[in-house]
Amino acid sequence: MNRMTALSTPAAPTPLGHYRQGMRVAGLVYMSGQLPIVPGMQPDNQAASFEQQAELVLRNFLAVVAAAGACREDVVKVTAYVVGSMNWPTFNRVFAEAFGEHRPARSVVPVPELHHGYLIEIDGVALEPAAA
C-alpha cells in the first residue's frame, strides 16, 4: 500500500527536475520549492521586480496547497529563500498580504543566488484538511 500521494496542478509551474510539486503523507502536505515561474511557461521572468516575484511565488505555493484541498490557514510552516537581505521588508509585506491574519511558522534564509537567477523560492508544510 502506497502511503504517499503525489500532488500536481497546472496552476503551479511544472517541475523542471526529478521531483513533484507536492506530496501528501500521514496527514501532512509537503510543498516542493516553488520559484516565481509563470505556470505553463519556462523560466523567463527573472527581470521582474522582487515584489512581483514574491507575489507570483506565493500564488504558485498556494496553488499547490489548494491542489491538496487545503487553504492558506492549513499552512503550518514556510521556508523562504531570499536573495539580498534588502528584500526582506518587501517579502514581509507581500507574505502578510498573502496570508492575512494567519501566521504560520516561518524561516527566511538569505542566499547569494537561486536557480535561473530568481530572487525568491518558497517551500513548506500544511495540514491535510481531513487531518485538521
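Strand 4 (residues 75-83) and strand 6 (residues 120-127) are paired antiparallel through seven bridges. Two strands are taken as paired if DSSP finds at least two bridges between them. Strands (E, at least two residues) and helices (H or I, at least four residues) are DSSP runs, numbered from the N terminus. The model is predicted: local features need pLDDT of at least 70, side-chain atom pairs count only at pLDDT 80 or more, and totals for chains, interfaces and linings use all residues. Residues are numbered from 1 along each chain as its sequence is written, and side-chain values use heavy atoms, with hydrogens and water left out.

Leu28 is placed opposite Leu127 of strand 6. In general, the strands of a sheet pair through backbone hydrogen bonds, either parallel or antiparallel.

Strand 2 and strand 3 are antiparallel as well, with four bridges between them, and Gly22 has Met31 of strand 3 as its bridge partner. The two strands form a hairpin with two residues between them. Ala26, in the turn, has a positive phi of about 50 degrees, in a residue other than glycine. Ala26 counts as exposed, at 77% relative accessibility. Buried means under 20% relative accessible area, exposed over 50%, and partly exposed in between (1.4 Å probe, protein chains only).

Taken together, six strands make an open sheet with mixed pairing and the order 1-2-3-6-4-5. Strand 1 (4-7) and strand 5 (105-111) are at the edges with a single partner strand each, so one side of each is left without a neighbour in the sheet. From one strand to the next, the twist averages 15 degrees.

Helix 1 (residues 50-67) packs on this sheet and touches strand 1, strand 2 (22-25), strand 3 (28-34), strand 4 and strand 6. Contact means heavy atoms within 4.5 Å. The direction of helix 1 makes about 25 degrees with that of strand 6. Axes are lines fitted to C-alpha atoms, for helices over the stretch in contact, and angles run from 0 to 180 degrees between N-to-C directions. Helix 1 contains 18 residues and spans 26 Å from its first C-alpha to its last, close to the 26 Å expected at 1.5 Å a residue; the expected span is 1.5 Å times one less than the number of residues. Among the buried residues of helix 1 are Phe50, Gln53, Leu56, Val57, Asn60 and Val65. The buried residues of this helix pack against helix 2 as well as strand 1, strand 2, strand 3, strand 4 and strand 6. Gly69, which follows helix 1, has a positive phi near 85 degrees.

Helix 2 (residues 88-99) lies across strand 4, strand 5 and strand 6, and runs at about 150 degrees to strand 5. The axes of helix 1 and helix 2 come within 10 Å and cross at roughly 35 degrees. Residues of helix 1 in this contact include Phe50, Ala54, Leu58 and Phe61, and those of helix 2 include Phe91, Val94, Phe95 and Phe99. The residues of the contact divide into 10 nonpolar, one polar and three charged. Here Ala, Val, Leu, Ile, Met, Phe, Trp, Tyr, Cys and Pro count as nonpolar, Asp, Glu, Lys and Arg as charged, and the others, Gly among them, as polar.

Several loop residues were also examined. Thr9, in the loop between strand 1 and strand 2, counts as buried at 12% relative accessibility. Apart from neighbours within four places in sequence, Thr9 is in contact with Gln21, Ala63, Val64 and Ala67. Ala70 belongs to the loop between helix 1 and strand 4 and is buried, with a relative accessible area of 10%. Not counting residues up to four places away in sequence, Ala70 touches Val65, Leu127 and Pro129. His116 occupies the loop between strand 5 and strand 6. Its phi is positive, about 65 degrees, although His116 is not a glycine. At 31% relative accessibility, His116 counts as partly exposed.
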